[in-house]
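Me: I would like to learn how to read the features of a protein model one at a time, with the general idea given before the particular case. Could we begin once the model is on the screen?

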Amino acid sequence: MDGGNVSEGIPLKKITCIIHSLGLGGMERVMSLLLNEFVGREYVAVDLILIGKERKVEFPLSSRVNIHRPSFDFDDSKRNQHTLKTLIFLRKKIMDIKPNSILSFGELWNNFVLLALLGLPFPVFISDRSQPDKDLGKLHNFLRSKLYPKAAGFIGQTEYAANNALKKKWNNNIKTIGNPIRKILCSEFHKREKIVVTVGRLIPTKNIKELVDLFLKINMPHWKLLVIGGNAKNNDLLTKYRNYIVELGAGDRIQLLGGVKDVEKYYQIASIFAFASSSEGFPNVIGEALSAELPVVAFDCIAGPSEMIEDGVNGFLVPVRSFDAFKEKLKMLMEDECLRKSFSEKAFIKIQKFEQQYICNEFFNFITKNKF
């Protein structure tokens with residue numbers, strides 16, 4: 001395969017990453033980190049292909065990353081036609097780039113990518129980014145069973161995800177690689193306030209309404225709840241939740257900030273991170289909160305939170321959808337500053353293995369087969 005050449009005859013390694021969009025979200029943040037890390041290596045060229053409806057880039061990317069989008073806007077009224085056009089665009093673009101390795105993110109999009117690239121001689125590595133045993137419906141489940149074995153490799157975010165893929169015979173080349181967790185720097189200049197913060201796109205499984213309800217039931221008026229995250233999946237839950245808070249007369253204690261790019265500053269001033277999601281693949285925001293030395297309360301989803309939280313040591317893990325138990329653990333942290341400090345001091349216990357450079361190396365090694 002022709003990988004191109006650079007000075008001194010050293011072959012240029014071409015990596016192409018494919019994702020629907022780089023809008024604000026955990027999967028998208030991971031992809032942006034990988035792109036910037038890959039392109040910073042010597043003799044590596046990086047292309048990004050955006051194939052979703054919106055094709056946003058909300059995260060800072062190196063100018064050396066070559067970004068490709070279809071030339072047409074996706075029109076839902078012409079869904080079948082524009083889906084086919086996107087498939088043809090992707091196939092032609094890959095044939096033009098001739099990458100040494102392709103990395104695709106997203107369980108629904110992986111089927112699309114593998115279908116578009118059938119028969120081409122370029123290795124495609126895929127990674128699902130949601131709950132490992134999520135039912136995608138008959139069509140996509142069928143496509144998974146037929147297309148995933150054709151991938152060059154499968155990346156699971158957790159051991160559970162990797163074992164699930166192995167059990168379902170999705171691929172013979174399976175690797176567990178967690179998400180890179182960026183360090184959120186904190187210092188004495190960042191004064192902790194009596195703030196509970198949660199971060200995540202607004203979808204029903206994040207259980208924001210339930211979190212609002214249990215927070216108010218704790219009835220500690222000197223504390224505030226900040227909800228950071230924008231709408232997703234064509235739902236305007238942001239307006240719905242804001243109206244709900246107005247109805248409750250709780251606007252002075254609960255704020256929905258929408259999607260924000262500078263989420264770090266909220267980690268730095270908050271005292272507790274609450275995560276009421278009931279379905280996850282690997283919640284980056286928990287790792288980021290812990291890196292910012294925040295104690296965490298989270299539901300013990302099938303995969304993800306237990307990879308980073310040691311129950312009773314750096315946070316609390318609560319049985320999924322046990323909202324009363326969640327409320328009691330959150331209340332315990334809100335009432336006890338010494339407990340918060342103890343958890344904060346041990347925040348790094350389980351997240352050191354997700355250090356950004358190490359995880360990026362793991363991805364790079366797996367999809368290129370290079371060893372340092």
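Reply: We start with burial: a residue is buried when its relative accessible area is under 20%, exposed when that area is over 50%, and partly exposed in between, using a 1.4 Å probe and protein chains only. By that rule Phe 125 is buried, and Phe 366 is buried as well. Before going on, note that this is a predicted model, in which local features need pLDDT of at least 70 and side-chain atom pairs count only at pLDDT 80 or more, while totals for chains, interfaces and linings use all residues. Residues are numbered from 1 along each chain as its sequence is written, and side-chain values use heavy atoms, with hydrogens and water left out.

Me: What kind of aromatic pair do Phe 125 and Phe 366 form?
Reply: In general, rings of Phe, Tyr and Trp (for Trp, its six-membered ring) pair if their centres lie within 6.5 Å, and planes under 30 degrees apart count as stacked, over 60 as edge-to-face and the rest as tilted. The count by this rule comes to 13 aromatic pairs. Phe 125 and Phe 366 make an edge-to-face pair, at 5.5 Å centre to centre and with 65° between the planes.

Me: Why is the pair of Phe 282 and Phe 354 edge-to-face?
Reply: The ring centres of Phe 282 and Phe 354 are 5.1 Å apart and their planes stand at 75°, so the pair is edge-to-face. Phe 282 lies in the loop between strand 11 (272-275) and helix 9 (284-291), and Phe 354 in the loop between helix 12 and helix 13, so this pair ties together parts that are 72 residues apart in sequence. Both Phe 282 and Phe 354 are buried. Elsewhere, Tyr 148, Phe 154 and Trp 170 form one aromatic cluster.

Me: Which way do the residues of strand 5 point?
Reply: Val 124 and Ile 126 point one way from strand 5, whereas Phe 125 and Ser 127 point the other way, and all are buried. For the neighbours of a strand, the rule is that two strands pair if DSSP finds at least two bridges between them. Strand 4 and strand 5 pair in the parallel sense over four bridges, with Phe 125 as the bridge partner of Leu 103. Strand 5 also runs parallel to strand 6 (residues 153-156), to which two bridges join it, and there the partner of Phe 125 is Gly 153.

Me: How is the hand of a crossover between such strands read?
Reply: A crossover is right-handed if, with the strands pointing away from the viewer, the path from the first strand over the helix to the second runs clockwise. The chain passes from strand 4 through helix 3 (residues 107-116) to strand 5 in a right-handed β-α-β crossover, and strand 5, helix 4 (residues 138-147) and strand 6 make a right-handed β-α-β unit. Strand 1, helix 1 (residues 26-39) and strand 2 also make a right-handed β-α-β unit.

Me: How many bridges join strand 1 to strand 2?
Reply: Seven bridges join strand 1 to strand 2 (residues 44-50), and the two run parallel, with Thr 16 opposite Asp 47. Strand 1 is also joined to strand 4 (residues 101-105) by four bridges, again in parallel, and here Ile 15 stands opposite Ser 101. Strand 1 (residues 13-19) is mostly covered, as five of its seven residues are buried.
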